[in-house]
Amino acid sequence: MSSKQVNPSAGRPLSPGAVALMLMLCLSWGFNQIAVKLALPDIPPMLQALIRSLGALPVLFLIARLRGVKMFERDGTLWPGLSAGIIFGIEFVLIYRGLLLTSASRAVVFLYTAPFFVALGSYVFLGERLRASQWGGLALSFAGVALAIGVPQANVDAGVLLGDLLIVAGGALWAATTLIVKTTALLRAPAEKGLGYQVALSIPILSLAAWISGETITRMPGPLALSLMVYQSVWVVGLTFLLWFALVKTYSASKLSAFTFITPLFGVVASYFIMHDTLTLAFGAAALLVIAGLYLVNRPEAARAEIAPDPNV
């Protein structure tokens, strides 16, 4: 008998409610990129990530208390939780360090290679079966993101390439945390506890990274920066990450990750309304590519194919 087991959620199609939640999450995360940029004049990036985790942790404990979740109960999640937390913290160190070396447009494109890592890991570890059309859908969505963000600059040196690699590594670690949740006792744990591991352990990691980087806040941040940090801490990490964690426990990891391709598209729209960036016909073409890709990944025929029994079991 094969040791690989098919996860019950591997082929579960996304419900309308899950699709609506994912759209809301992607919209929030897309604006989060703008929030980070707007707060940068007052708060350096690594310290932003640290403050975000520090502000989100009490929110998670409050939600857990209101829902009666026992955060410190022994349930076999300690080691996978520690692993996910360490990976979560290092992920943001790599991403923010990569942003210092490469351009934002390149970083966004390379970060959203994460769905490819999730799809590959889901195939290997979760028993999910992705057909050629689904892989093609992921490719179409990624092409749409690349088109929406813009063609990367031609003057790329070794430093930029190193930044690109760090961003790709961050995307791979993002995928790794998703797969850890799907393959360990964290799958049965409350979402608050699973995310709590990640946020709590990211605090010392980000603190060390900020100290090594020499980041400091030289003056009192203004009202805009403070309100944006509240948005990042309470809404993005404290609530939207919690919803993402709950969805990952329930639905196909590769299908959920495919939706994250929409995030940078929403970021472009937010840039248009907030930073007055110009939208072109290329954005319309990019949106069509993303929608076509999501259709290929999530169409019912593909979902039914994924739950076919493993012949090796």
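Let me begin with a definition: a residue is called buried when its relative accessible area is under 20%, exposed when that area is over 50%, and partly exposed in between, with a 1.4 Å probe and protein chains only. The structure before you is a predicted model, in which local features need pLDDT of at least 70 and side-chain atom pairs count only at pLDDT 80 or more, while totals for chains, interfaces and linings use all residues. Residues are numbered from 1 along each chain as its sequence is written, and side-chain values use heavy atoms, with hydrogens and water left out.

I turn to the overall architecture. The protein has 13 helices and 0 strands; here helices (H or I, at least four residues) and strands (E, at least two) are DSSP runs, numbered from the N terminus. Of its 313 residues, 50% count as buried. The protein exposes about 14500 Å², and carbon and sulfur atoms supply 71% of that area, as computed by the Shrake-Rupley method with a 1.4 Å probe. Contact means heavy atoms within 4.5 Å. Among contacts between residues at least 6 apart in sequence, 91% join residues at least 24 apart.

Next, the aromatic residues. Rings of Phe, Tyr and Trp (its six-membered ring) pair if their centres lie within 6.5 Å; planes under 30 degrees apart count as stacked, over 60 as edge-to-face, and the rest as tilted. By this rule there are 6 aromatic pairs. In one of them, the ring centres of Phe88 and Phe92 are 4.9 Å apart and the planes meet at 70°, so the pair is edge-to-face. Both residues belong to helix H3 (residues 78-101), where they stand 4 residues apart, about one turn of the helix. Phe88 counts as buried because its relative accessibility is 6%, and Phe92 likewise counts as buried, at 10%.

Which residue pairs with Phe88 at a plane angle of 90°? The partner is Phe241, with ring centres 6.3 Å apart, so this pair is also edge-to-face. Since Phe88 lies in helix H3 and Phe241 in helix H9 (residues 223-250), the pair ties together parts that are 153 residues apart in sequence. Phe241 is buried too, with a relative accessible area of 14%. Trp29, Phe88, Phe92, Phe241 and Trp244 form one aromatic cluster.

A loop residue comes next. Asp42 lies between helix H1 (16-39) and helix H2 (45-66). Is Asp42 buried or exposed? Its relative accessibility is 15%, so Asp42 counts as buried. The side chain of Asp42 reaches the backbone nitrogen of Gly222 at 3.0 Å. Leaving aside neighbours within four places in sequence, Asp42 is in contact with Ile217, Arg219, Pro221, Gly222 and Ala225.

Finally, helix H11. This helix (residues 262-274) has 13 residues and reaches 18 Å from its first C-alpha to its last, close to the 18 Å expected at 1.5 Å a residue; the expected span is 1.5 Å times one less than the number of residues. Its buried residues include Ile262, Leu265, Val268 and Ala270. Val268 has a relative accessible area of 15% and is therefore buried. How far apart in space are Val268 and Ala148, C-alpha to C-alpha? The distance is 7.5 Å, although the two are 120 residues apart in sequence.

Conventions
A polar contact is a pair of N or O atoms within 3.5 Å; within protein, one must be able to donate a hydrogen and the other to accept it, and residues adjacent in sequence count only if both atoms are side-chain atoms.
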